[in-house]
Amino acid sequence: MIRLLVAAMHSGAGKTTLTCSLLSLLKRKGLDPCAFKCGPDYIDPMFHRSALGIPSHNLDLYLSEESYVRHSYARYSAGRGACVTEGVMGYYDGVGATPEASASHLAKVLDLPVLLTVNPSETEDFVDTVRNFIAKEETKHIAALFLNPCGPDEYRRLAPVLEQALGLPVVGYLPHLPEAQIPSRHLGLQTAGELAGLQRILDCLTDTLAETLDWKRFAAVFAGENKPACSAEADVTSEEADVAKDNANGPVLPVRIGVAYDNAFCFLYPETLDAFREAGAEPVFFSPLQDSHLPEGLSGLYIPGGYPELHVKELSANTALKAGLADSIARGMPTIAECGGFLYLGTALSDPDGNAFAMAGVLPGSAENAGKPVRFGYAELTAKTDGLLLNAGESVPVHSFHYWDTTETGTDLHAVKPVSGRNWDTGFQTATLFAAFEHIYYAGHPALLKAFIEKARYYFHE
């Protein structure tokens, strides 16, 4: 089995490009690869999925326990011939400028060999820069180097120099390919579903990598007796065990949970859907952009994040769906809305040009572009009163990443950033509603979903 983690010295160094190229090439070679993403990012896994045709899964050591990360990695990589994990930001970049939850932390926890992609044109003392960077790693998981971007002549000149100086193999390169660039915007890359010509880009990258990757040396480094750090059955958290035990007590009809999913609400972990099913729920998709009414027989609603700010006109014009949604929530249908979903429940939302449009009107507050990330990053979220997901004093790790801010962020929860201690009130929580900018990684905290689904089941039987 080929196993590796693709890392870089800093953000914006081509990790996603290299990861997708590798995934496509491994698929061509018949190795049935799978993909993971270190950290909470929603967008990069969409590109992995486009390259493979199957979901990519997140591994986050802040949002979930090590035991869950090991279990998830083993579960979703089982039976695959290759497994590529994309790192997050720079290799050592973690929580609050510490290595916690960084790509290097994940490599240590899962014992993954690392392919470090480096750009030879960034500094004049390139070899010393890479040497000093690698020397910071105590666990010595960096196993090989990849040059990106780099031309063929430069590669032939630099590879032997790096190998002699660093004692690591250089296994390939990608030249600068203007025709295969993936454009960015706020929150990161454009999403895979929106990018015209993505398959052409992937084909170009894969055709090139097939010529520039030293396959024999690559396989020699990353294939072999590399086995997952645990079996798919091992290291199940106590919360997961409790949910599994409850579900084993007898056949129970699944609770139908309406899940908003379209171009406006696309930030959805596939593990979340699996966790819903394992907790006794049936996710039923609907589109706030296109559907005129909610699906029949729902007992709860989950409205994830995404890019509603880029689709405000269409969302506002769909008055029938907004009215049906607002009525269901008013009647007490248990509802989770996070980030983009939280904005959608407000009174108004502005597009990138500053034009405001009416939203669902369930919550107070209008939102517009703040021009920069707002309350960005990881935090610990604590409930101030009892509610749908958390009782007073209970906490859960979260992450937040948004450029749009609202005039009414809510005060039912309190967030505290690790390391810095910066804190703020946030969110709305009642007995039937949980709405906030902050994202929860529900797969790593199945007890929260269990509480939500129990209340949804109660609502159905009322």
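Student: In this predicted model, is Ala101 buried or exposed?

Tutor: Ala101 sits in the loop between E4 and H4. Its phi is positive, about 65 degrees, although Ala101 is not a glycine. Buried means under 20% relative accessible area. Ala101 has 6% relative accessibility and therefore counts as buried.

Student: Which class of accessibility does Met89 fall into?

Tutor: Met89 is also placed in the loop between strand E4 (82-86) and helix H4 (103-110). Although not a glycine, Met89 has a positive phi of about 50 degrees. With 35% relative accessibility, Met89 counts as partly exposed.

Student: What is the omega of the peptide bond from Asn148 to Pro149?

Tutor: Pro149 lies in the loop between E6 and H6. The bond from Asn148 to Pro149 is cis, and its omega is near -5 degrees.

Student: How are the axes of H2 and H7 oriented to each other?

Tutor: Two packed helices are described by the angle between their axes and the distance between the axes. Helix H2 (residues 43-52) and helix H7 (residues 198-212) have axes 10 Å apart, at an angle of about 75 degrees. Angles of 65 to 115 degrees count as roughly perpendicular. The orientation of H2 and H7 is therefore roughly perpendicular.

Student: Why do the buried residues of H5 lie on the same side of the helix?

Tutor: The buried residues of helix H5 (residues 126-135) are Phe126, Val127, Val130, Phe133 and Ile134. They lie on the same side of H5 because they cover an arc around the axis of only 130 degrees. An α-helix has 3.6 residues a turn, so residues three or four places apart point the same way.

Student: Which helix do the buried residues of H5 pack against?

Tutor: Their partners include strand E1 (2-8), strand E5 (114-118) and strand E6 (142-147). The helix among the partners of these H5 residues is H6 (152-166).

Student: How far is the sulfur of Cys83 from that of Cys34?

Tutor: The structure holds zero disulfides. Cys34 is accordingly in no disulfide, and the nearest cysteine sulfur belongs to Cys83. A disulfide requires sulfur atoms within 2.5 Å, whereas the sulfur of Cys83 is away from that of Cys34 by 3.6 Å.

Student: Is Cys34 buried or exposed?

Tutor: The relative accessibility of Cys34 is 3%. With under 20% counting as buried, Cys34 is therefore buried.

Student: What is the distance in space between Pro40 and Phe401, C-alpha to C-alpha?

Tutor: Pro40 is located in the loop between strand E2 (33-38) and H2, and at 18% relative accessibility Pro40 counts as buried. Leaving aside residues up to four places away in sequence, Pro40 touches Asn58, Asp60, Leu63, Tyr269, Tyr378 and His399. Pro40 and Phe401 are 361 residues apart in sequence, and their C-alpha to C-alpha distance is 9.8 Å.

Student: What percentage of contacts between residues at least 6 apart in sequence join residues at least 24 apart?

Tutor: The protein has 14 helices and 24 strands. Buried residues make up 57% of its 462 residues. Among contacts between residues at least 6 apart in sequence, the share joining residues at least 24 apart is 75%.

Methods: Residues numbered from 1 in each chain as written. Predicted model: local features only at pLDDT ≥ 70, side-chain atom pairs only at ≥ 80, totals over all residues. Heavy atoms only, no water. Axes fitted to C-alpha atoms, helices over the stretch in contact; angles between N-to-C directions. Helix = DSSP H or I, 4+ residues; strand = E, 2+ residues; numbered from the N terminus. Parallel < 35°, antiparallel > 145°, perpendicular 65-115°, else oblique. Buried < 20%, exposed > 50% of the residue type's maximum accessible area, 1.4 Å probe, protein only. Arc of directions from axis to C-beta. Contact = heavy atoms within 4.5 Å.
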